[in-house]
Amino acid sequence: MTTPDHCLSLVRAADRPLGTARYGRMFAGLDPLGVASEQLTRAGDAGGICDAAAVLAAPGSHDDGREAAGWPFFGQLVAHDITADRSPLTTDAAAPRNARSPRLNLETVYADGPIGSPFLFDREDPDKFLLSADGADVPRNNQGVALIGDPRNDVHLFSLSLHVALLHAHNRIVDRLRREGVPAADVFDQARICLTWHYQWVVVHDFLPRVVGAQLVEEVLSEGARWYTSSPSQAFIPLEFADAAFRYGHGQIRYAYRLIANGPQVPLFPDLVGFGPLPADRRLDLAQIFDVPGQPAAQRAKRLDGRLAAGLIGLPAQVTGGAYHSLAARDLLRGETTGLSSGEAVAAVIGAQPLSADELGYDWPHGTPLWFYILKEAEHRGGGDRLGPVGGRIVAEVLIGLLRADPVSYLSLEPDWTPTLAAPFGVTDLLIGRDTGARARIGAVDV
């Protein structure tokens, strides 16, 4: 099939922005909330309103959500793919810059490809990613530092395991393309396109419906966005998304996880912290965190209720650098330093019923920080399993909007496209794969 000219640059790193991509405002007319940092720190610290420890200590308490435990980590992978704010936590609101291109293009996995990032690829077979000798870890230098497209994907066992799974997925696609007779010069590009489009499809059709509800996803797909508009040359990440709504996943992370069937519960932090070689006794069976057909149900994500697990209230120094040890405090402070408005103000703009004082469970004198509001809205408007009207609207419009602003995404080039690797297709097919005999090639982008 002849390829349109605009398809020829699907995988070229030269198409990225020359400088850092920008952040912006989704609701630019709203005033910053303005809460004292001391109050935010108290709320997010041990014993504060965001600490789940006291609630879970009560007899008969539990915090299981409906979705499998792996979904917030998949969300973290997506966040790393489209955002990388290198600024300090206390930066001025006008200063943050995004070191990632605002595209769901697996930049964290591919970086600059075999030419620009040769250390990621097998020297004997540069179409494929290099892995550790046993295939369970990424390659590392002699000090144990990951040779990886984004060092943040080595922060803990779960992000690393998903990253490794994507490397294997790419390598499997390379093998399949070769079996299908694709010319050697085209194999890498087609494999990258194939994996990226399947990943994008999972974001839209498997991930988003679980996070915001299928009805809102269909509405944004069919009717377009109401509040987020972005063109290919002006794509940006809203601060309301990066510093509030898409940090919802912090509220779904559990204190401890089972890594293998019938194995013990292991605390996420500090036991599963990354930034070093993966020990043999710390290998994760992905069927323990995602529901795999024909296997027992996976562990569940934590229920969304405005509280974070103890391991996130007291993060290890390897993760924080020694400052702001509470992730809840960091989330609250980040929203303040980037000048986010209150949750009530955003609810008023989009026409959503605001949360009551009883639902919020805490007296914020001048309005509720957007991040905390979105978590409590998920508890009371989303049953603790998905985002409510404010959080859901922000997340759905931004992720779908970024795909529409990307001229080489499946949603821009072929919006009715469906996966070619397997049918039906879902996250476990992306990360684990199954041999269905389906083709790996995507006809519209054959080169």
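What volume does the second largest pocket have, and which residues line it?

Modeller: This is a predicted model, in which local features need pLDDT of at least 70, side-chain atom pairs count only at pLDDT 80 or more, and totals for chains, interfaces and linings use all residues. Residues are numbered from 1 along each chain as its sequence is written, and side-chain values use heavy atoms, with hydrogens and water left out.

The second largest pocket has a volume of about 310 Å³. On a 1 Å grid over the protein atoms alone, where a 1.4 Å probe fits, a pocket is an open set of points with protein on both sides within 12 Å along at least five of seven lines; lining residues have an atom within 4 Å of a point. The volume is the space filled by probe spheres set on the points, which are joined across faces, edges and corners.

Fifteen residues form the lining, and Leu216, Glu219, Gly388, Pro389 and Arg393 lie nearest the centre of the pocket. Two or more lining residues come from each of helix 8 (214-223) and helix 16 (389-405); helices (H or I, at least four residues) and strands (E, at least two) are DSSP runs, numbered from the N terminus. By type, the lining comprises seven nonpolar, three polar and five charged residues. Here Ala, Val, Leu, Ile, Met, Phe, Trp, Tyr, Cys and Pro count as nonpolar, Asp, Glu, Lys and Arg as charged, and the others, Gly among them, as polar.

Proline 209 belongs to helix 7 (residues 187-212). This proline touches Val204, Ala214 and Val217, residues up to four places away in sequence not being counted; contact means heavy atoms within 4.5 Å. Its C-alpha atom is separated by 8.8 Å from that of arginine 386, 177 residues apart along the chain. Proline 209 is partly exposed because its relative accessible area is 22%, where buried means under 20%, exposed over 50% and partly exposed in between (1.4 Å probe, protein chains only).

Among the contacts of phenylalanine 74 are Tyr199, Val202, Val203 and Phe207.

The protein as a whole has 18 helices and nine strands, and 58% of its 447 residues count as buried.
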